[in-house]
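Here's a quick tour of one protein chain, going from the whole fold down to a few residues. Have the viewer open as you read.

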Amino acid sequence: MIRRVPGGTGRLNIAPLIALVPAVPVLVLLASAILPLADGDTWQHIRETLLLEYLGNSLRLVLMVACGTLILGVLPAWLITFYRFPGRRVLKWLLICPLAIPAYVMAYVYTGLLDVAGPVQEWLGMVLPAYAPRSFYSPLPAAAVVLSLSLFPYVYIFARVGFLQQSADMLEAARILGCGRIGTVFRVVLPLARPAIAAGLLLALMETLADYGVAQHFGLAVLPTGIFRAWEGFGDLQAAVRLAALLLGLAAVLFILERLSRRRARYHQAAAHAVPRVRLRGARAALVFGVCALPAFLGFVVPGITLFSWALVSTAPAGMADALVNSCLLALAAALLALGLALLLLPMPGRARPGIGRQAGLLMVRLGYAVPGTVVAISVLVPVLWLEHTLDAAWTWAGGRTSSLLLAGGLVVLVYAYLVRFMAVAVQAVEAGLARVRPSLGEAGHSLGLSLSAVVWRIHLPLVRGSLLVALLMVFVEVLRELPATLLLRPFNFSTLAVRTYELAGEGQVAEAAWPASAIMCAALVPVLLLGSMLDHAEDARS
Amino acid sequence: MQKGHYLNQNALVLALAWGTAFLLLGVPTARGETELNLYSARKENLVRPLLDRFTSETGIKVNVLAADGMGLLQRLRVEGERSPADLLLTVDLGQLTRAAAEGLLQAVRSSILETRIPPAYRDPKRRWYGLSLRARVIVHNRSMQQAPPARYLELAHPQWQGQLCIRSSNNVYNQSLVAAMLGRYGETRTRAWLEGLLANFARPPQGGDRDQVRAVAAGLCKIAVVNSYYLGGMLNASLERDVSAARKVALVWPDQQGGPGAHVNLGGAGVARHAPHREQAVALLEFLAGVEAQRWFTAHNYEYPVASAVRPAETLEAWGTFKSDLAALATLGQHQETAVRLMDRVGWR
């Protein structure tokens, strides 16, 4: 990658190559999916019994969560952006708070509340004399509801950003040209916000595809649980990798659909007047409040209160302080690295179209988000072990003594796995910010004599500072909540809050598990609220 | 103008390199003589108090990696000769015997272990040693009018349609139970049994064993299959509602009169083949078979001790003695994989 710079010497630009390192495991994965051509025993068994079920459930789950998050995310976003009603301020914040609660925690909270032995059914049994306890949920709808409640904030945030950018002039123009109120919404507001909504939806659906915790909790057979089973239960790497490749295929389809929906349209707008908010009163205000409050209530208030009340009735499990420190430090390190790598990899606006190398690399990085944590862990372990064995062979050949594994048991591998999985979040957030930067700014800087690099650092990056912070915060929250890869790759004597929650909840110690779960929620609330305040500033800046 | 052109990008690269180097500090350092590395399928918080006792008595620090049993096996396989594992501790005998069969464990000669642990609970080839016993039993609602099933085979009878609560087939305890059935009755009969079992499910398998007990207590189903120590744990839980739920159910020892005995499983351990701290690992193994540890297993986790000198906890003694199916123990590992495939095929998720 030799860049021609006016007046500069051509030099090899290694930075994007470094940024591509997280893409290596995905490549290794795809390669090993294709290579062994003969079907192993396990793969045959899976094909005969479970494959269609895995695919069917994964697809249906994605469809259901897409509907769920669109309704729960777009509707409140629209109402909050364009209307004023009592309680709007509070709801603005509450609606992003479900991000602080991992989906698997939400699953086990609602199970604890609604299960046969839970308070709700107990109360029903007392109030209704003929009430027979029922297991009222089946795995697929339950998983879809929990995932929608947990992931709708992604769609909500992106939709809000999309709506906030709308210009009053556009909407007035539409009205003048004859669109009614509703018509304006469907023909102007929504289409203009579509790329933002699509970006948020893509994140939510990728996370759904890769979800292991919720599906495992409800006993739902989807691709990630199948992969875990093939790798651990059957000990068959080939079967696990093939299922993972199928999953990546589905993720790639989603990704392509999102890109197609954007096509070549440009969405940055000229200096705009913010849309004035319509004031609502009375019954209408109450209705709107109710509609916005429901997702926030179910997604944050109910789980939050339940967790605290469970924690209050039980004693704190051992090792909480260690787990808290570990979780936060890991999340911080991963977030900083992810942002740095994203900045190295993404093409800056105004430059020539990125080469095939960068585009392919970006695709690999994005696909990383769809790879379930288990698979990331396996596909990271394999190259690292190979590297270690090779280095050790060289060391012993040079006369040294062979020793136990060095890298594979350390934090480097774990953070590396986080990067593979979550760099896409940083990339998505920074890219969304960069897309809003008008290329003309860069051109102006150029004509004033700034070099390409200086244009990037002195013009573009300050403009997208907000997106950088968003990227940091989102990766921080994601790593805080991550479970399967941490379980597989953590070093000795090392635990995180997510792992403690899983261990305790898995042993049926629901009340004790509320301690680390509440800690995750509190720790994650800080970046989530910061995110909210940024959205707030964006809003204030517009009005 | 061009000066410092690439400086910013290189600065980023340097910062990344520094950050990575900083993370390298998180490298495990179990190289001393006074340490050992434990791969444990028991959750860390369940086993840590015991390990702390070991450390205070011997001065040997134990580094714990807790993960799912099969996951630990996979780890041992891919790590090969350079695996840092010294001792493998599992909660299922099938996994331990599979590890031994694949050559992942080494033989240990120890007169202490041979005296304390009866031969039925250890490998004739000395690669693994059982440390605690647990039974997979049938529980039923005390207020139930019908006679509870006396045999595992009866769980498939149509009279229990919609009345059986059991956890997912992903769980190793169910896999071992089915493996034992396979070993005893063969594939055809076991398959028919599984299909009958499935027809009796009160709900799609969900939750852990404690949730099955809670479901029986609440009246959702009349019978459930759970591990004995979960019931023991609930009877002595700090949460009042767990205690009252556990009191609403009664335990049945299956397959007693004229049968092979209740299905039992062993939690056990073996020294890893390439253990860097072999002596320390053997010391820990001997400690776990000792009176203090055996008492701890039964008093805190409600398992049955294997050491004949140690009496089970009060809760367990209240359940009386029972015949256990020891013959099936050795074959659990062999049939586990077939068991899983069979469960998949009949649709037990």
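## Surface and overall make-up

A word on areas before anything else: accessible areas here come from the Shrake-Rupley method with a 1.4 Å probe. On that basis, chain A exposes about 22,300 Å², and 69% of that area is supplied by carbon and sulfur atoms. Keep in mind that this is a predicted model.

As for secondary structure, chain A has 24 helices and two strands. The chain runs to 543 residues, and 57% of them are buried. Take the contacts in chain A between residues at least 6 apart in sequence: 82% of those join residues at least 24 apart.

## A nonpolar patch on the outside

Now for a bit of surface. A:L70, A:I71, A:L75, A:L287 and A:V291 form a nonpolar patch there, and together they have about 420 Å² of accessible area. Two elements give two or more residues to the patch: α4 and α14 (282-312) of chain A. The largest share, three residues, comes from α4(A).

The cut-off for exposed is over 50% relative accessible area, so A:I71 counts as exposed with its 55% relative accessibility.

## The buried end of the story: A:T81

Helix α4 (residues 51-82) of chain A also holds A:T81. This residue counts as buried because its relative accessibility is 4%, and buried means under 20%.

What does the side chain of A:T81 reach? That would be the backbone oxygen of A:A77, at 2.6 Å. Leaving out residues up to four places away in sequence, A:T81 touches A:R160, A:F163, A:L164 and A:R277.

## Another buried spot: A:S518

Over to helix α24 (residues 510-542) of chain A, where you'll find A:S518. Its relative accessibility is 6%, so A:S518 counts as buried.

Which residues does A:S518 touch, not counting those up to four places away in sequence? They are A:L307, A:F308 and A:A311. For orientation, α14 of chain A covers 282-312, and this helix is one of the two that give two or more residues to the nonpolar patch.

Technical notes: Residues numbered from 1 in each chain as written. Chains lettered and ligands numbered in written order. Predicted model: local features only at pLDDT ≥ 70, side-chain atom pairs only at ≥ 80, totals over all residues. Heavy atoms only, no water. Helix = DSSP H or I, 4+ residues; strand = E, 2+ residues; numbered from the N terminus. Buried < 20%, exposed > 50% of the residue type's maximum accessible area, 1.4 Å probe, protein only. Contact = heavy atoms within 4.5 Å. Polar contact = N/O pair within 3.5 Å; in protein donor to acceptor, adjacent residues only side chain to side chain. Patch = residues over 30% accessible without salt bridge, like charges linked within 9 Å, V, L, I, M, F, W, Y side chains within 5 Å. Salt bridge = Lys/Arg side-chain N within 4 Å of Asp/Glu carboxyl O.
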